[in-house]
Amino acid sequence: MISALPVTFGDRAADMDLARKIMARKTKEEAQETHTALLNAAEDVFSTKGVTNTTLNDVACAAGMTRGAIYWHFKDKNALFQAMCDRAFLPMEALLNEISDAPQKDPIAALRQLNIHFLKLVSSDSRQRKVFDIIFHRSEKNVDLPYFETEKEKRTECLNKVQVIIDNAVASGQLPPETDTWIAMHANHSFLVGLIGEWLEDPNAYCINTHAEDMVDMFLSGLMTRPPLKKNPPSA
């Protein structure tokens with residue numbers, strides 16, 4: 001009879017190393033699943049109770065987990081709220097970065113694409129819709145939720161990228177040289193945010209997904225026909 005080959009120390013070490021890697025990967029996957037489940041639960045509870053009236057324990061219970069589990073992933077409610085918002089904003093930020101980084105032969109068309117994508121994403125994706133409703137109507141901008149203050153820098157960065165698109169429209173001759181691109185950028189932002197905020201009050205009033213292109217075209221037509229012009233500073 002031929003005896004089995006002996007298992008060497010090197011073989012055992014390799015097996016143990018492989019086992020550790022498998023367990024580490026499994027642990028990482030489980031941690032990500034827990035993280036996602038907590039974010040999903042936060043959306044549901046924030047939407048129902050409002051951010052101010054929600055505790056981390058409420059979210060943990062909704063996720064079917066202990067309070068210790070939620071503190072392992074989020075140090076406080078503000079961190080949980082920020083992670084929830086970051087996850088929702090990621091697709092829009094990705095498109096903005098893609099458009100900003102690419103050469104723009106038609107800046108107005110790029111702005112149109114960005115605006116329509118935003119409106120359709122919020123109106124057709126239940127998660128996006130829920131998070132924006134929480135931000136607009138179920139959260140208070142106070143010291144208990146410093147997210148809105150700390151996110152100002154990131155918000156400014158995104159708005160600056162939109163202004164660059166409008167600057168490019170001026171450079172390409174789509175808008176006149178005297179266009180006030182700072183005001184145009186804020187008008188564009190206010191149009192989108194105001195539209196979504198009002199629509200979320202009564203989503204059954206009309207379908208944004210159906211009318212997004214017409215509404216964006218209406219705004220851009222006004223921008224191109226009567227753009228805001230730079231004003232001379234008031235005399236002293």
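On a 1 Å grid over the protein atoms alone, a pocket is an open set of points where a 1.4 Å probe fits, with protein on both sides within 12 Å along at least five of seven lines, and its lining residues have an atom within 4 Å of a point. This is a predicted model, in which local features need pLDDT of at least 70 and side-chain atom pairs count only at pLDDT 80 or more, while totals for chains, interfaces and linings use all residues. Residues are numbered from 1 along each chain as its sequence is written, and side-chain values use heavy atoms, with hydrogens and water left out.

**Largest pocket**

- The largest pocket has a volume of about 950 Å³, a volume being the space filled by probe spheres set on the points, which are joined across faces, edges and corners.
- Of the 28 lining residues, Phe89, Phe132, Arg155, His189 and Val193 are the closest to the centre of the largest pocket.
- At least two lining residues each come from helix 4, helix 5 (107-124), helix 6, helix 7 (147-150), helix 8 (152-171) and helix 9 (181-201), where helices are DSSP runs (H or I, at least four residues) numbered from the N terminus.
- The lining comprises 16 nonpolar, five polar and seven charged residues, with Ala, Val, Leu, Ile, Met, Phe, Trp, Tyr, Cys and Pro counted as nonpolar, Asp, Glu, Lys and Arg as charged, and the others, Gly among them, as polar.

**Helix 5 with helix 6**

- The axes of helix 5 and helix 6, as lines fitted to C-alpha atoms over the stretch in contact, with angles from 0 to 180 degrees between N-to-C directions, come within 5 Å and cross at roughly 95°.
- Helix 5 is therefore roughly perpendicular to helix 6, the class for angles of 65 to 115 degrees, whereas angles under 35 count as roughly parallel, over 145 as roughly antiparallel and the rest as oblique.
- Phe118, Leu121, Val122, Ser123 and Ser124 of helix 5 meet Ser126, Gln128, Arg129 and Phe132 of helix 6, contact meaning heavy atoms within 4.5 Å.
- The residues of this contact divide into four nonpolar, four polar and one charged.

**Helix 5 with helix 8**

- The axes of helix 5 and helix 8 come within 8 Å and cross at roughly 150°, so helix 5 is roughly antiparallel to helix 8.
- Pro107, Ile108, Leu111 and Leu114 in helix 5 meet Val162, Ile165, Ile166, Asn168 and Ala169 in helix 8, a contact with eight nonpolar, one polar and no charged residues.
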